[in-house]
Amino acid sequence: MSSHRDSPDSHGPKVHVVELFGDNEQLLARNVGRYLGDGLRRGDSLLVAATTDHAAAFCRQLELEGLNAETAVAAGRLVFLNAEKTLSRCMANGQPTWERFDDTIGTVVRDIRAKNGHTGLRAYGELVGLLWKAGDAGAAVSLEQYWNRLMGHVEFSLYCAYPIDVFGNEFQVTTLDGILRTHTHLLPTRWNGDLRLAMSHAMDEILGDKADALRFLIKTNFRAAWAKMSDAEATILWLRNNLPDYSDEILALARQHCEQACLTSRAGGYKQQ
Amino acid sequence: MKGRYTVLVVEQNGDYLGRILVAFVKASPRVCVSIAVDEADARRYLVAEGLHADDDEFPLPQLVVLDLDNESASGLDLLAWLKRNPQLARIPVLVLAVPGCPKIEQAFSLGANSWLPKTDDDKAILEMAQAVGVYAMLLQSHPEKAGASSLSAIGRPAACNCVNSSESSGPSRGL
């Protein structure tokens with residue numbers, strides 16, 4: 001597994017990041033709002049394919065950052081697509097197809113780039129998250145591959161989000177391999193400094209002096225084909241994959257530590273990782 | 001064998017194998033290292049065939065350390081075979097390879113559990129042996145789950161089900 005070594009918040013062209021936000025909608029709104037706000041301030045155009053609720057939350061976050069979404073829309077710098085409707089347009093016989101994806105999303109992306117040819121484009125998409133939530137991980141990965149294919153033709157950065165809890169059973173190698181292979185970065189989970197500490201403490205408490213030896217095995221596991229990720233997420237994946245008898249109790253304890261840390265510190269957001 | 005853990009090391013290079021064995025003796029004295037000198041030897045060991053037919057002397061390993069650093073693709077073949085076999089697939093396989101070796105990614109795709117960077121530094125080999133020994137111990141000895149999911153409860157596959165006919169002339173056992 002790739003250990004995260006460089007900054008995850010460099011949203012340059014060809015960067016395709018993924019955030020796993022679990023059920024923390026507030027965190028998602030803050031992080032995506034900041035990503036979009038940074039783009040607007042840099043002169044980038046924005047494409048947001050989100051549910052109505054999320055789109056509203058992102059607009060509120062932009063306002064908190066002193067930016068006005070309506071003004072950006074009127075200026076053609078911000079384009080909203082309804083995630084559910086857009087997803088249905090990308091599907092044929094229950095699966096996304098490249099032709100439909102390109103007709104639906106590719107066309108919009110190329111239009112935005114043509115209008116603002118000398119500035120960047122930041123895209124945010126949660127069609128994949130909808131597919132994941134519906135239990136169709138295979139279709140989500142197909143859609144990610146279509147995004148990457150489009151990025152091969154048109155220059156833009158992309159931010160995806162999935163309602164996956166890193167402490168939950170879904171967050172494991174077999175389930176996430178396709179997602180990790182189709183992104184460049186996995187954004188650190190909310191309280192990443194806390195998450196790293198929480199994981200470290202939980203491993204020490206459960207495994208005692210054996211924890212250090214395992215850290216040797218964990219730190220050497222770089223997977224070139226995967227998205228870069230922080231040490232904390234890499235550790236969770238390793239434990240899930242390699243020490244299943246212990247992983248549940250270590251992760252339950254780490255979750256407790258994180259929640260306690262959250263009560264005393266509201267640190268978070270992708271800029272602070 | 002109570003309180004001891006078996007690691008099967010698949011290593012063709014005699015010199016390097018010697019260094020690994022010395023490291024295990026120093027760093028993880030409770031680990032019994034079993035040796036296979038090539039893919040075919042490893043298969044025979046895992047199905048308890050031929051010279052490896054004695055379960056007490058050659059128990060099913062807690063994990064396999066597989067050196068990928070050779071000319072042939074046999075290490076990857078062994079890994080694929082092992083992960084296809086329902087009775088052996090749960091045995092973690094740690095692949096040993098130099099950083100940047102393209103076989104590492106192939107090994108992960110085939111189900112390898114971890115990668116161990118291959119090195120000439122004896123101190124690093126010692127560290128690796130210690131880590132592997134601890135990992136083997138943890139795999140075998142969860143205080144509440146021992147027996148429920150430990151590898152010793154898996155049993156071994158019949159030789160005729162998982163090796164080439166030329167290698168499967170011996171009797172199968174341990175089912």
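Start by selecting helix H4 of chain A, residues 83–90, where Ala83(A), Thr86(A), Leu87(A) and Cys90(A) are buried (under 20% relative accessible area, with a 1.4 Å probe and protein chains only). Helices here are DSSP runs of H or I, at least four residues long, numbered from the N terminus. Now look down the axis of H4(A): the buried residues fall within an arc of 100°, so they line one face of the helix. That arc is taken from the directions from the helix axis to the C-beta atoms. An α-helix has 3.6 residues a turn, so residues three or four places apart point the same way.

A word on what you have open: this is a predicted model, in which local features need pLDDT of at least 70 and side-chain atom pairs count only at pLDDT 80 or more, while totals for chains, interfaces and linings use all residues. Residues are numbered from 1 along each chain as its sequence is written, chains are lettered from A and ligands numbered from 1 in the order written, and side-chain values use heavy atoms, leaving out hydrogens and water.

Next, pick Phe156(A), Tyr162(A) and Val132(B), which touch the most other members of the largest nonpolar core, 96 residues in all. Such a core is a set of buried Ala, Val, Leu, Ile, Met, Phe, Trp, Tyr and Cys residues joined through side-chain atoms within 4.5 Å. Helix H5 of chain B (residues 122–140) gives this core its largest share, eleven residues. Apart from this core lies another, of 28 residues, including Trp81(B) and Ile91(B).

Last stop: Cys258(A), buried at a relative accessible area of 0%.

Technical notes
Buried means under 20% relative accessible area, exposed over 50%, partly exposed in between (1.4 Å probe, protein chains only). Helices (H or I, at least four residues) and strands (E, at least two) are DSSP runs, numbered from the N terminus.
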